[in-house]
Amino acid sequence: MQSYTKISNLFILYVFKDMKRQFAYIFFVLFGLVVTGCTSEDPAFTLSQNNFSNISPEGGTLSIDIRTSSTWTATSLNDDWCNVYPSSGTGNGTIRIEVEGNLSADRNATVVIFCDNERSEINIAQTALPEGQELTYRIPVIFHVLYKDAADDYQYVSATRIRQVLDNVNAYYDGTPVWTGGDTPQDVNLEFVLAETDEEGNELEIPGVEYVQWNQMPIDCESFMSSSSERILNLMWDMNKYINIVLYNFSDYGDGSVIMGISHLPLSTAGTNYLEGLQAVEYTHLENDNLGYPQCVSINSLYFYEDTPARCYNPMDANVTLAHELGHYLGLHHAFNEDDEESDGLGKDCTDSDYCEDTPPYNRYVYGLWLSHYYQESKLPMEAFQREDCNTGDTFLSYNLMDYEISFSDRFTPDQRARMRHVLEYSPLIPGAKRISSTTRMAPAGVLDIPVIYKKCVKYSVGLKKK
Ligand SMILES: [Zn+2]
């Protein structure tokens, strides 16, 4: 617009030298005013805000209005922690900038807006979490509901039920006890939230839920978890941004046992920050394409409507199952002595196989033999909740969510909490702020040689069953 102003002034000077051209003078002055007036009052675009100087260490979502009649693009120059949606548009719109939590140092990001050859920047400054403070994680989850028959509620699970179960799971992670007694429940300072947007930043019609028609039902959950099929891999949303939870009917093994849920364990970066008990990888950052399997949680939707009535025990409780599986996804092993289960089952050893000193190991095989005497009883004895520490012989009541035998199953211990926090802060392919920049050691493109490690949780129904 400056160039138009100069041109019109030149015409004014020229016309003064030649009064015979008065008409032209008036014309060009008017023309010049029209051109300069129009361009100075009507830039290609305006933004409602350009500077955000004090974004908290927790991060969050910024909303900026763009006013224009033209086509525009929005690009983040720091997309490892600051993402902009949508990346382009035409006409008036709202730009959303998502800023991740900050566990490292104070930092700045720039989002560039281009419109009609004009460029503008949105500058964002975020402070780091002060030493000694803890970040509250809010992790987006996406439920992929697989169904063959949309009329079957046990396949096409309702979004209302999904919300209800996730609320109950969050109460377990908040340290809100269901039962009295036992050790103090731990607040993990972590909330699972239903994803509001898809991977492209589009708002989801049903938050946190997508329904996917599947031509096979039921599905063998172990085959699913180790599958390299493109269709299953493509089902997974960006693991660095979402926890993928897949609901489907699990195949029955026909022996009275039921697999309630199954989950992969996370990876851990080798070196200083390695967490024992997890698969080590060389890299600090991976992408979905680096895995040849669908890293996720799978839940048996045949039991997804199961709750525990007051003063009762229900081994099929879906809220407990999901809390338990997410515990695996965040690095927890079973609280009982797993090594004995995997070997001769006679309980000669008493290894603490969950890397948590505050969860006493017990021999699940021996406990199971004892418990089998009660399977025909209508009421469970209180002793069914009791375990014997196979190292010390001390007895204790089981309240632990990672014990899936008869247990109050409503809490985690401090050591379990510490493991989950470590995974949140360091493990690749886990959403949320990390203590090490994702660009430190990025995995090369392509499938890496990483073994598939998952935990399946088998239960024997005690009376309560579907339908
Ligand atoms: Zn388990």
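Biologist: Between which two strands is the loop that holds P86?

Modeller: This is a predicted model, in which local features need pLDDT of at least 70 and side-chain atom pairs count only at pLDDT 80 or more, while totals for chains, interfaces and linings use all residues. Residues are numbered from 1 along each chain as its sequence is written, and side-chain values use heavy atoms, with hydrogens and water left out. Helices (H or I, at least four residues) and strands (E, at least two) are DSSP runs numbered from the N terminus. P86 sits in the loop from strand 5 (82-85) to strand 6 (88-90).

Biologist: What kind of peptide bond joins Y85 and P86, and where is P218 found?

Modeller: The bond between Y85 and P86 is cis, with omega about -10°. Another cis bond links M217 to P218, with omega about 5°. P218 belongs to the loop between strand 12 (209-213) and helix 4 (221-225).

Biologist: Which residues are buried in helix 8?

Modeller: The general idea concerns helix geometry. An α-helix has 3.6 residues a turn, so residues three or four places apart point the same way. In helix 8 (residues 364-372), the buried residues include R364, Y367 and L371. These three are on the same side of helix 8 because they cover an arc of only 60° around the axis, taken from the directions from the helix axis to the C-beta atoms.

Biologist: Which residues are the protein donors of the zinc ion?

Modeller: Donors are N, O and S atoms within 2.8 Å of the metal (3.2 Å for Na, K and Ca), and sites may look incomplete since water is not among the atoms. Here they are H324 (NE2), H328 (NE2), H334 (NE2) and C457 (SG), at 2.0 to 2.1 Å from the zinc ion. H328 lies in helix 6 (residues 318-329) and C457 in strand 20 (residues 454-460), so this pair ties together parts 129 residues apart in sequence. Both H328 and C457 are buried.

Biologist: Why is the arrangement around the zinc ion tetrahedral?

Modeller: Four donors count as tetrahedral if all angles lie between 85 and 135 degrees. The angles at the zinc ion are 96 to 126°, so the arrangement is tetrahedral.

Biologist: How many cavities of 30 Å³ or more does the structure hold?

Modeller: A cavity is a set of points on a 1 Å grid over the protein atoms alone where a 1.4 Å probe fits but cannot get out; lining residues have an atom within 4 Å of a point. A volume is the space filled by probe spheres set on the points, which are joined across faces, edges and corners. The structure holds two such cavities of 30 Å³ or more. The largest has about 60 Å³ of space, and its lining includes H324, E325, C457 and K459. Helix 6 gives the most to that lining, with four residues.

Technical notes: Four donors count as tetrahedral if all angles lie between 85 and 135 degrees; four count as square planar and six as octahedral if opposite donors are over 155 degrees apart and all others between 65 and 115; anything else is irregular. Buried means under 20% relative accessible area, exposed over 50%, partly exposed in between (1.4 Å probe, protein chains only). On a 1 Å grid over the protein atoms alone, a cavity is a set of points where a 1.4 Å probe fits but cannot get out, and a pocket is an open set with protein on both sides within 12 Å along at least five of seven lines; lining residues have an atom within 4 Å of a point.
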